[in-house]
Amino acid sequence: MSSLTLAGSKGKPITMALKDDFLFIFSRILAISLSSSILGRPATFLEDFGITWSDSHIKQIDGGRAIQLILDQNSGCGFASKRKYLFGHISMKIKLISGDSAGTVTAFYMNSDTKTIRYELDLEFLGNRTGQTYSVQTNIYTHGKGDREQKVNLWFDPAADFHTYTIMWNHHHIVFYVDEVPIRVYKNNEAINIPYPKLQPMGVYSTLWEADDCATRGGLEKIDWSKAPFLAYYKDFDIEGCVVPGLTSYASNPRNWWEGIAYQALNAKEARIYRWVRLNHMIDDYYTDKSRYSIPPRECLVGI
């Protein structure tokens with residue numbers, strides 16, 4: 001019995017030392033478990049993603065830390081995350097198709113993959129003729145309804161190098177970023193009965209496909225297959241969000257960093273840059289599309 005009262009390495013009885021060690025180990029296991037339910041930062045592509053369409057057209061590079069997507073006359077391709085998320089911060093670095101990319105679409109988006117009520121957050125990069133500006137179209141589906149397109153001309157060549165494209169989704173707003181520049185904001189205005197996606201978890205997807213009926217100048221510019229194969233490159237896959245299924249309290253936890261005060265609205269600098277984007281690079285906006293909306297949708301009346 002005396003051995004039970006000998007001092008441990010920190011001057012505590014061995015029984016207390018063992019108890020403390022157990023609690024420490026248990027707390028570390030719990031912390032790892034909790035963090036893995038909230039965060040998903042894959043070191044390689046296959047850690048967090050799987051190929052959903054035409055595995056012969058997706059090639060892993062640098063030990064799987066980057067990938068190449070291929071579009072040719074045989075097929076496009078696509079991939080998706082292995083998990084779904086409810087709120088979070090999702091980003092990838094993408095190098096788009098160089099040269100003549102007219103008629104192609106490279107898409108990076110989140111989707112609920114539900115057959116009844118669809119939820120989706122879209123970034124679609126619309127190819128163009130050599131030397132002409134790439135544009136990116138965003139759209140938001142909530143409660144099964146989309147038709148919220150906005151289109152922005154990029155102010156740089158997205159095929160010359162990698163650039164970071166981000167979807168920030170929290171309880172307050174959805175923001176699409178290009179290299180930390182906000183190009184689209186959709187606020188949570190549920191208080192005035194404007195739908196907002198907050199109930200359906202969404203997976204992370206990307207596809208490269210031929211869409212020459214609509215991609216470039218409304219389908220006037222067709223794809224030139226003599227320029228195939230068309231290649232896009234991805235790396236630095238970064239998903240930080242609440243994994244579903246998981247503990248239901250995580251998605252509404254205000255201590256998730258993307259729910260913090262700093263991320264509940266654009267800061268003053270971001271707001272200035274966002275206005276600059278809208279004034280100088282916005283080329284299509286459902287807010288002002290009178291051919292579809294004789295009366296603008298309600299979210300268009302509450303400001304950006």
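Residues are numbered from 1 along each chain as its sequence is written, and side-chain values use heavy atoms, with hydrogens and water left out. As the model is predicted, local features need pLDDT of at least 70 and side-chain atom pairs count only at pLDDT 80 or more, while totals for chains, interfaces and linings use all residues.

Me: How many aromatic pairs does a search of the whole structure find?
Reply: Rings of Phe, Tyr and Trp (its six-membered ring) pair if their centres lie within 6.5 Å; planes under 30 degrees apart count as stacked, over 60 as edge-to-face and the rest as tilted. With that rule, the search of the whole structure gives 16 aromatic pairs.

Me: Tyr-109 and Tyr-205 form a stacked pair; how many residues apart in sequence are the parts it ties together?
Reply: The two rings are 5.4 Å apart centre to centre, with 10° between the planes. Both Tyr-109 and Tyr-205 are buried (under 20% relative accessible area; exposed is over 50%, partly exposed in between, with a 1.4 Å probe and protein chains only). Helices (H or I, at least four residues) and strands (E, at least two) are DSSP runs, numbered from the N terminus. Tyr-109 belongs to strand β7 (residues 104-111) and Tyr-205 to strand β14 (residues 203-210), so the parts tied together are apart by 96 residues.

Me: Where does Tyr-196, the partner of Tyr-186, lie?
Reply: Tyr-186 and Tyr-196 are stacked, at 6.2 Å centre to centre and 10° between the planes. Tyr-186 is buried with a relative accessible area of 3%, and Tyr-196 is buried at 0%. Tyr-186 is in strand β13 (residues 181-187), and Tyr-196, 10 residues apart from it, is in the loop between β13 and β14.

Me: Over which ring does the charged end of Arg-118 sit?
Reply: A charge sits over a ring if NZ of Lys or CZ of Arg is within 6 Å of the ring centre and within 35 degrees of the ring normal. Lys-235 has its charged end over the ring of Phe-162, 4.4 Å from the centre. For Arg-118 the distance to the ring centre is 3.8 Å, and the ring is that of Tyr-141.

Me: How many of the residues of strand β12 are buried?
Reply: His-173, Val-175 and Tyr-177 point one way from β12, while Ile-174, Phe-176 and Val-178 point the other way, and all are buried. For strand β12 (residues 173-178) the count is 6 of 6.

Me: Which residue in the turn between β12 and β13 has a positive phi?
Reply: Two strands pair if DSSP finds at least two bridges between them. β12 pairs with strand β11 (residues 163-169) in the antiparallel sense over 5 bridges, and with β13, also antiparallel, over 6 bridges. Across these pairings Trp-169 stands opposite Ile-174, and Tyr-177 opposite Pro-182. The β12-β13 hairpin has 2 residues between its strands, and the turn residue with a positive phi, about 50°, is Asp-179.

Me: In which strand does Glu-120 lie?
Reply: UniProt, in an unreviewed entry, places the feature "active site" at Glu-120 and Glu-124; its positions are given in the numbering used here, feature names are shortened, and annotations may be inferred rather than shown by experiment. Glu-120 is buried, with a relative accessible area of 5%. Its contacts (heavy atoms within 4.5 Å), not counting residues up to four places away in sequence, include Tyr-109 and Tyr-141. Glu-120 lies in residues 120-126, strand β8.
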